[in-house]
Amino acid sequence: MTLLAEAARRIPLNRDRVLSAAVVLADEVGIESLSMRRLAQELGVVPMALYKHVANKEELLGGMVDTIVGEIGPPVPDAPWKSAVRFRVLSARQVLLRHPWARPVIETRTNVTPAVLGYMDGFAGMFLAGGFSVDLTHHVMHAMGSRMWGFTQEVFDDSAGARNQHAQVPAEARAAMAQQMAENFPHLFKIAAAAAHDDGSVVGNGCDDQFEFEFALDLLLDGFERLHQQNWTSGGGKGK
């Protein structure tokens with residue numbers, strides 16, 4: 001054991017240190033391999049020592065989400081609402097790209113922590129500060145959904161595993177599959193063929209994830225702006 005490792009193990013354990021170590025471990029091994037026992041080993045303590053700071057695995061996961069929420073860039077003071085929202089969403093997206101395990105954890109949280117509520121409150125506040133009514137802001141938050149956290153559910157599976165599995169299919173078999181798709185689903189095939197390229201990050205087998213995310217985000221923001229300018233209300237379409 002190195003002197004540095006020995007010194008790290010002598011640092012008093014606290015909640016922040018437990019959560020930070022859990023985030024690092026999840027980044028390295030994935031959320032499926034994260035356990036209280038393995039985390040305790042990384043920290044050089046017995047598993048029971050962790051329970052003084054987190055009651056159980058669920059609380060640990062919630063605290064890990066709180067930790068990465070703290071990495072999202074803060075609202076830009078005095079910025080126009082659209083620029084402020086766009087910046088915040090894309091900052092959140094960069095955080096989730098750094099921590100791939102975070103998306104499924106956020107999606108499965110049942111207990112909303114003050115840190116998560118604080119992020120959502122600040123998010124709503126950007127629209128209200130931009131002059132949006134409470135009514136429109138309510139519906140905007142629904143429309144944004146998970147996009148406010150920097151991710152959304154794509155139509156096709158864009159996971160690395162799906163791409164690797166596709167790449168392992170022999171070229172002849174892929175050609176036969178393409179021919180069958182062209183015959184049975186011509187419209188989807190036309191779109192897929194037009195989008196196909198080789199730059200690594202893809203939705204399905206050809207689209208740029210970041211471009212598609214920003215494209216949809218900008219469509220939403222432009223739509224919100226139009227409704228705001230029209231004084232839209234949920235009760236009657238347009239305000240008086």
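Me: What makes Arg 93 count as lying over the face of Phe 213?

Reply: A charge sits over a ring if NZ of Lys or CZ of Arg is within 6 Å of the ring centre and within 35 degrees of the ring normal. Arg 93 is at 4.4 Å from the ring centre of Phe 213, and Arg 147 lies over the face of Phe 213 too, at 5.0 Å from the ring centre. The model is a predicted one, in which local features need pLDDT of at least 70 and side-chain atom pairs pLDDT 80 or more, whereas totals for chains, interfaces and linings use all residues. Residues are numbered from 1 along each chain as its sequence is written, and side-chain values rest on heavy atoms, without hydrogens and water.

Me: Why is Thr 152 called buried?

Reply: Buried means under 20% relative accessible area, exposed over 50% and partly exposed in between, with a 1.4 Å probe and protein chains only; Thr 152 has 18% and therefore counts as buried. Thr 152 lies in the loop between H9 and H10, where helices (H or I, at least four residues) and strands (E, at least two) are DSSP runs numbered from the N terminus.

Me: How do you know that the side chains of Thr 152 and Arg 147 are joined by a polar contact?

Reply: A polar contact is a pair of N or O atoms within 3.5 Å, where within protein one must be able to donate a hydrogen and the other to accept it, and residues adjacent in sequence count only if both atoms are side-chain atoms. The pair joining Thr 152 and Arg 147 is at 3.5 Å. Counting contacts as heavy atoms within 4.5 Å, and leaving aside neighbours within four places in sequence, Thr 152 is in contact with Arg 103, Ser 146, Arg 147 and Phe 213.

Me: Why is the aromatic pair of Trp 81 and Phe 132 called edge-to-face?

Reply: Rings of Phe, Tyr and Trp (its six-membered ring) pair if their centres lie within 6.5 Å, and planes under 30 degrees apart count as stacked, over 60 as edge-to-face and the rest as tilted. Trp 81 and Phe 132 are 4.7 Å apart, centre to centre, with 70° between the planes, and are edge-to-face. The pair links helix H6, which holds Trp 81, to the loop between H8 and H9, which holds Phe 132, 51 residues apart, and both residues are buried.

Me: What makes the pair of Tyr 119 and Trp 149 tilted?

Reply: The centres of Tyr 119 and Trp 149 are 4.5 Å apart, and the angle of 35° between the planes makes the pair tilted. Tyr 119 is in helix H8 and Trp 149 in the loop between H9 and helix H10 (160-167), 30 residues apart. Tyr 119 is buried at a relative accessible area of 2%, and Trp 149 is buried at 8%.

Me: How do you know that the buried residues of H9 lie on the same side?

Reply: In helix H9 (residues 134-144), Leu 136, Thr 137, Val 140, Met 141 and Met 144 are buried. They cover an arc of only 140° around the axis, which puts them on the same side of H9; the arc is that of the directions from the helix axis to the C-beta atoms. Among what covers them are helix H6 (81-98), helix H8 (114-129), helix H13 (209-229) and strand S1 (232-233). Met 141 and Met 144 are also among the contacts of Phe 123.
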